[in-house]
Amino acid sequence: MGLCGIILVYYYNSTEAMFDSIDPKSALPMYRQITDQIRWRVAAGVFAPGDKLPSVRELASQLLVNPNTIAKVYRDLERDGLLETRRGDGTYISSDAIALAASERTRIIEEQLRSTARDARAFGLSEQAAMELFRRVLSEMAQRKDRR
Amino acid sequence: MTDSSASPRSTDAAILTHDLTRRFGRLRALDEVSAHVPRGAIYGLMGPNGAGKTTFVRVLLNLINPTSGSVTVLGHDVVKEPVKVRRRVGHVAALQPLWEWMTVRDFAGFMRGCYPRWNPEAVSTVLERIGIDQAATLGVLSRGQRAIVAIAVAVGHEPDLLILDEALTGLDPIARREVLRNVIDAMQAEGRTVLITGQDIADMERICDHVGFLVKGRLVLEATLDDLKARVKRIRVEHPSAGSGQVPGEGEVQVPAGAFQIERRPRETVFTVENYTPEMLVSYDGAGRRAVATDLSLEDIFIDLAQAHMGKTA
């Protein structure tokens with residue numbers, strides 16, 4: 001039990017952030033796949049301020065992608081305030097990430113809705129019909145949750 | 001579609017060729033190839049079988065002479081200064097012949113004698129990670145293990161340029177991942193350049209930032225991967241109302257000049273463009289039409305371009 005605890009603590013400290021594997025054949029560029037993973041985890045609260053991310057080299061080696069791709073992801077997310085680099089130490093989830101998480105959540109949903117809205121318009125769905133559909137989906141989900 | 005056309009100087013290029021041609025009898029294995037591999041790049045050289053990829057590598061290493069044109073590697077003319085070039089280049093070839101009776105340790109020791117620099121830790125790190133016993137003779141190793149030994153020895157002398165010629169071809173997934181991992185690790189040294197040739201396009205898409213396409217000895221395209229993916233797109237124009245099929249040619253969708261892989265169906269038209277701009281889509285909007293652009297994977301781009309160019313030169 002004690003040993004398990006030590007191993008667990010070590011595991012959490014050493015592996016730092018976990019990432020899903022990247023699909024180079026996806027229509028979504030690898031840069032976007034990695035960026036989205038970090039943004040999503042910040043939005044969902046999985047990554048909290050002060051969490052350390054792997055170094056560019058470590059993550060490139062783990063995901064088997066060009067180190068320049070990871071460097072660009074880190075650079076852009078740092079510019080957006082989600083990450084901060086401590087000189088000579090590494091890359092961390094920034095202290096602003098909690099405040100940013102709320103706007104990240106809005107941004108992610110907005111992006112998904114925009115794509116849905118584009119399709120709705122192309123199919124000639126009226127604004128009213130589209131809104132009704134969205135409300136119905138939301139209420140169906142709420143009901144399913146209540147039943148459980 | 002060269003993004004490096006602005007007079008590339010030899011100082012910022014790891015590999016620079018100008019009108020490089022190599023003939024074998026009447027066959028032009030390389031036909032006026034002007035390639036520019038910037039320092040620090042991971043450059044993927046792709047092409048169908050027999051396109052000239054291995055000939056290109058053999059010229060770089062001065063294993064064969066060019067028929068005409070110039071070749072500069074790391075600032076040295078390969079024909080005039082082949083030894084200077086070879087000392088700074090690590091090379092891994094598919095099915096590299098190794099002395100079967102030699103142990104891994106002896107082989108590494110032998111190769112060590114060929115180069116001015118040697119980093120024994122770099123070699124043992126690579127071998128230990130995949131559990132290759134240095135006392136084993138090369139003859140008993142699997143194909144994947146041999147590839148790892150070859151790459152371990154190739155990075156041992158800390159080359160400024162690492163060339164992997166079809167080195168991923170035919171490897172099992174574990175060995176392939178390990179080779180890729182070693183390429184990424186090898187890039188840790190500043191300004192180190194990797195040239196990788198092969199057919200495993202998804203793997204190359206993972207790690208390459210520059211690509212070149214050879215078709216029938218000609219370099220038909222050279223670009224950064226980002227640029228290539230931004231420029232080459234598949235466009236689908238939906239026109240459900242236009243041309244009910246009653247009148248042939250009625251409401252036929254105009255495709256931009258240079259479009260290829262054009263498929264016309266009754267209510268949609270699909271084609272690939274090499275110079276995509278968002279304005280292309282806008283021009284189709286309205287009158288019951290809608291256009292969408294889809295990103296292509298490197299494999300799709302490769303197949304489309306290869307077919308387009310094979311057709312042209314056939």
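**View 1. Helices H2 and H4 of chain A meet through a set of side-by-side residues.** Met30(A), Tyr31(A), Ile34(A), Thr35(A) and Ile38(A) of H2(A) touch Thr69(A), Ile70(A), Lys72(A), Val73(A), Asp76(A) and Leu77(A) of H4(A). Here, contact means that the C-beta atoms of two residues, placed from the backbone, lie within 7 Å. By class, the residues of this contact are 7 nonpolar, 2 polar and 2 charged. Ala, Val, Leu, Ile, Met, Phe, Trp, Tyr, Cys and Pro count as nonpolar, Asp, Glu, Lys and Arg as charged, and the others, Gly among them, as polar. Helices (H or I, at least four residues) and strands (E, at least two) are DSSP runs, numbered from the N terminus. This is a predicted model, in which local features need pLDDT of at least 70 and side-chain atom pairs count only at pLDDT 80 or more, while totals for chains, interfaces and linings use all residues. Residues are numbered from 1 along each chain as its sequence is written, and chains are lettered from A and ligands numbered from 1 in the order in which they are written.

**View 2. The angle between H2 and H4 of chain A.** Helix H2 (residues 30-43) of chain A packs against H4(A) at an angle of about 45°, and their axes are 10 Å apart. H2(A) is therefore oblique to H4(A). Axes are lines fitted to C-alpha atoms, for helices over the stretch in contact, and angles run from 0 to 180 degrees between N-to-C directions. Angles under 35 degrees count as roughly parallel, over 145 as roughly antiparallel, 65 to 115 as roughly perpendicular and the rest as oblique. The crossing of H2(A) and H4(A) is right-handed; a crossing has that hand if the near helix is turned clockwise from the far one by less than a right angle, and is left-handed if anticlockwise.

**View 3. H3 against H4 in chain A.** Helix H3 (residues 56-63) of chain A and helix H4 (residues 67-79) of chain A have axes 8 Å apart and pack at an angle of about 125°. H3(A) and H4(A) are therefore oblique to each other, and their crossing is right-handed. From H3(A), the contact takes Val56(A), Arg57(A), Leu59(A) and Ala60(A), and from H4(A) it takes Pro67(A), Ile70(A), Ala71(A) and Tyr74(A). These residues are 7 nonpolar, no polar and 1 charged.

**View 4. Where chain A touches chain B.** How many residues does each chain bring to the contact? Chain A gives 13 residues and chain B gives 20 residues. On the side of chain A that touches chain B, H3 and H4 of chain A each supply at least two residues, and H3(A) gives the most, with 3 residues. The residues on this side of chain A are 8 nonpolar, 3 polar and 2 charged.

**View 5. The two assigned domains of chain B.** Domain 1 of chain B covers 10-225 and domain 2 covers 233-295; such bounds come from an automatic or database domain assignment. The C-alpha centres of the two domains lie 42 Å apart.

**View 6. An antiparallel sheet in chain B.** Four strands in the order E13-E14-E12-E15 (chain B) make an open sheet with antiparallel pairing. Two strands pair if DSSP finds at least two bridges between them. Strand E13 (260-264) and strand E15 (290-295) of chain B are at the edges, each with a single partner strand, so one side of each has no neighbour in the sheet. From one strand to the next, the twist averages 15°. E13(B) pairs with strand E14 (residues 268-273) of chain B over 3 bridges in the antiparallel sense, and Phe260(B) has Thr272(B) as its bridge partner in E14(B).

**View 7. The E5-E6 hairpin of chain B.** E5(B) and strand E6 (residues 76-77) of chain B pair in the antiparallel sense over 2 bridges, with Val73(B) opposite His76(B). This hairpin has 2 residues between its strands, and Leu74(B) in the turn has a positive phi of about 50°. Strand E5 (residues 68-73) of chain B also pairs with strand E1 (residues 13-24) of chain B, in the antiparallel sense over 5 bridges; there, Ile15(B) is opposite Val73(B).

**View 8. A mixed sheet in chain B.** The order E7-E8-E9-E4-E10-E11 (chain B) describes an open sheet of 6 strands with mixed pairing. Strand E4 (residues 42-46) and strand E9 (residues 193-197) of chain B pair in the parallel sense over 4 bridges, with Tyr43(B) and Leu195(B) as bridge partners. Helix H5 (residues 143-156) of chain B lies across E7 and strand E8 (161-165) of chain B, and runs at about 170° to E7(B).
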